[in-house]
Amino acid sequence: MTRVLVVEDELALARALGITLRAKGYDVDLAGTGAAALDAAASRHPDLVVLDLGLPDLDGMDVLRAVRGWSRVPVVVLSARRDSSEKVAALDAGADDYVTKPFAMDELLARLRAAARRGEIEPVEPVVVTAGFTVDLPRRQVLRDGAMVRLTPTEWNLLAELARSVGAVVGRRELLQALRGQHLDRETHYLRVYVAQLRRKLETDPAAPRHLITEPGVGYRLVP
Ligand code: CA
């Protein structure tokens, strides 16, 4: 059964979504605040998220960015705001689709089915083991000496991009694209900062890195 997390603070709409989705065979969790949404996203492992951007406690965009820090679950954003800049920002931050309120329930259901299909065909990602640490892409975890290393979403996205091409040089442009949700386009110097942070967390001697290698003028390489 597909589990949907519906994040919506308008009670009438949340109830209507719950009733409709359950009638269509979905297992539905409801969250009325950003904090409850983050809790539910972490504890309930939804297959799909419907996320209203206008929440009473957190901005829905912040909820989206936080979830994207550790999960690729398909997210369909709901918003009453119609300007395209917000739509672009939501898609850049990792939303899979965007529905403007008011919407027809049939349209939302169709978009959810499409988002769920895209979620399913995602390829299985590897676990990358280096001599110093392990990058578990499916679980979005990094282990060093058997202990979990805490990374920020940006650090994780950068490391994951390098791990997906382990052994090969990844260009600065590709790496920056992987960080697009953090609005770092074109800001190459941030790469140096984030790579330095990763080295401090993962390298035995961050000043003489063995795994996170700079390729001058090109990009970076993860060496196992
Ligand atoms: Ca709202």
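This is a predicted model: local features need pLDDT of at least 70, side-chain atom pairs count only at pLDDT 80 or more; totals for chains, interfaces and linings use all residues.

Two strands are taken to pair if DSSP finds at least two bridges between them. With that in mind, I turn to strand 4 (residues 75-79) and strand 5 (residues 97-100), which run parallel and are joined by 4 bridges. Within the pair, Val76 has Asp97 of strand 5 as its bridge partner. Between strand 4 and strand 5 the chain passes through helix 4 (residues 84-92), and this β-α-β crossover is right-handed.

Next, the metal site. Which residues coordinate the calcium ion? They are Asp9 and Asp52, each through OD, and Gly54 through O, at 2.2 to 2.3 Å. Along the sequence, the spacing of these donor residues reads D-x42-D-x1-G. Asp9 sits in the loop between strand 1 (3-7) and helix 1 (11-23), whereas Asp52 belongs to strand 3 (residues 48-52), so the pair ties together parts that lie 43 residues apart in sequence. Are the two aspartates buried or exposed? Asp9 is partly exposed, its relative accessible area being 32%. Asp52, with a relative accessible area of 3%, is buried, because the limit for that term is under 20%.

I now move to the open sheet, in which 4 strands follow the order 6-7-8-9 with antiparallel pairing. Strand 6 (127-129) and strand 9 (147-148) stand at the edges; each has a single partner strand, so one side of each is left without a neighbour in the sheet. Further in, strand 7 (residues 134-136) and strand 8 (residues 141-144) run antiparallel and are joined by 3 bridges. Here Asp136 has Gln141 of strand 8 as its bridge partner. Across strand 6, strand 7 and strand 8 lies helix 6 (residues 153-164), which runs at about 100° to strand 7.

The largest nonpolar core has 24 residues, of which Val135, Leu158, Leu159 and Leu202 touch the most other members. Helix 6, helix 7 (172-178), helix 8 (188-202) and strand 12 (219-222) each supply at least two residues of this core, and helix 6 gives the most, with 6 residues. What does Leu158 contact, leaving aside its neighbours within four places in sequence? Its contacts are Leu175, Leu179, Leu191, Tyr194, Val195 and Leu198.

Thank you for your attention.

How values were computed
Residues are numbered from 1 along each chain as its sequence is written. Side-chain values use heavy atoms; hydrogens and water are left out. Donors are N, O and S atoms within 2.8 Å of the metal (3.2 Å for Na, K and Ca); water is not among the atoms, so sites may look incomplete. Buried means under 20% relative accessible area, exposed over 50%, partly exposed in between (1.4 Å probe, protein chains only). A crossover is right-handed if, with the strands pointing away from the viewer, the path from the first strand over the helix to the second runs clockwise. Contact means heavy atoms within 4.5 Å. Axes are lines fitted to C-alpha atoms, for helices over the stretch in contact, and angles run from 0 to 180 degrees between N-to-C directions. A nonpolar core is a set of buried Ala, Val, Leu, Ile, Met, Phe, Trp, Tyr and Cys residues joined through side-chain atoms within 4.5 Å.
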